[in-house]
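Here is a protein model to look at.

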Amino acid sequence: MDTFRVVVDYSKTVAELLEGGDYDWTDDDVIGRNVLLTGSGIVEQDFILYHLNYVASTKEVLIALDRCGLRPATNHELLSFGIAYPGFQEEFPIIQLGTILVAIGGGLYVSLLGLDPWTGARFAAVRHPYDYSERWSAICRFLAVRKK
């Protein structure tokens, strides 16, 4: 599996990371109210874009990551990855499953980076409820990190 090195600065706010990603638009819920950071300081991290290549539920993705010795990336890590490698989201959606975001209405979501196929706009958004019955498209990539 190819790895991609990214500097993750946990002192940056999510708003700063969104600005650094230079997205054409973002969902307000990507800010992630009530989200606790899982890291601190400035860390160089190697990431993997995990691709199942078939339609899968969140539960199936998490099981596959675990079997490969991987953990899902967090919201902070996803946004840092988006700054370092902005072109990938133009090829396929990139999802983080490591941080649960609480939406304004109280729903639980995960964030993703993608490209609007009609406008060509790059975005950071919440699109899918974090629900084990949710099915993810076969084109999706899941940002992951090797477990230590």
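Buried means under 20% relative accessible area, exposed means over 50%, and partly exposed lies in between (1.4 Å probe, protein chains only). The model is predicted: local features need pLDDT of at least 70, side-chain atom pairs count only at pLDDT 80 or more, and totals for chains, interfaces and linings use all residues. Residues are numbered from 1 along each chain as its sequence is written, and side-chain values use heavy atoms, with hydrogens and water left out.

Q: Why is Arg-71 called partly exposed?
A: Arg-71 has 27% relative accessibility. That value lies between the limits of 20% and 50%, so the label is partly exposed.

Q: What makes Arg-71 and Glu-77 a salt bridge?
A: A salt bridge needs a side-chain nitrogen of Lys or Arg within 4 Å of a carboxyl oxygen of Asp or Glu. Here the N to O distance is 2.8 Å. The pair therefore counts as a salt bridge.

Q: Is Glu-77 buried or exposed?
A: Glu-77 has a relative accessible area of 1%. This is under 20%, so Glu-77 is buried.

Q: How many salt bridges does the structure hold?
A: There are 5 salt bridges. Among them is the pair of Glu-44 and Arg-5, with the closest N and O atoms 3.2 Å apart. Glu-44 is in strand E3 and Arg-5 in strand E1 (residues 4-9), 39 residues apart. Strands (E) are DSSP runs of at least two residues, helices (H or I) of at least four, and both are numbered from the N terminus.

Q: Which residues do salt bridges with shared partners join into one network?
A: Arg-5, Glu-44 and Asp-46 are joined.

Q: How do you know that Arg-135 and Glu-60 form a salt bridge?
A: Their closest N and O atoms are 3.2 Å apart. That is within 4 Å, so the pair qualifies. Arg-135 lies in strand E10 (residues 135-136) and Glu-60 in helix H2 (residues 58-67), so the bridge ties together parts 75 residues apart in sequence.

Q: What makes the pair of Tyr-85 and Phe-88 tilted?
A: The ring centres are 5.8 Å apart and the planes are at 45°, so the pair is tilted. Phe-88 has 18% relative accessibility, so Phe-88 counts as buried. Tyr-85 has 25%, so Tyr-85 counts as partly exposed.

Q: Which residues do ring pairs link into a cluster?
A: The cluster holds Phe-4, Phe-47, Phe-81, Tyr-85, Phe-88 and Phe-92.

Methods. Rings of Phe, Tyr and Trp (its six-membered ring) pair if their centres lie within 6.5 Å; planes under 30 degrees apart count as stacked, over 60 as edge-to-face and the rest as tilted.
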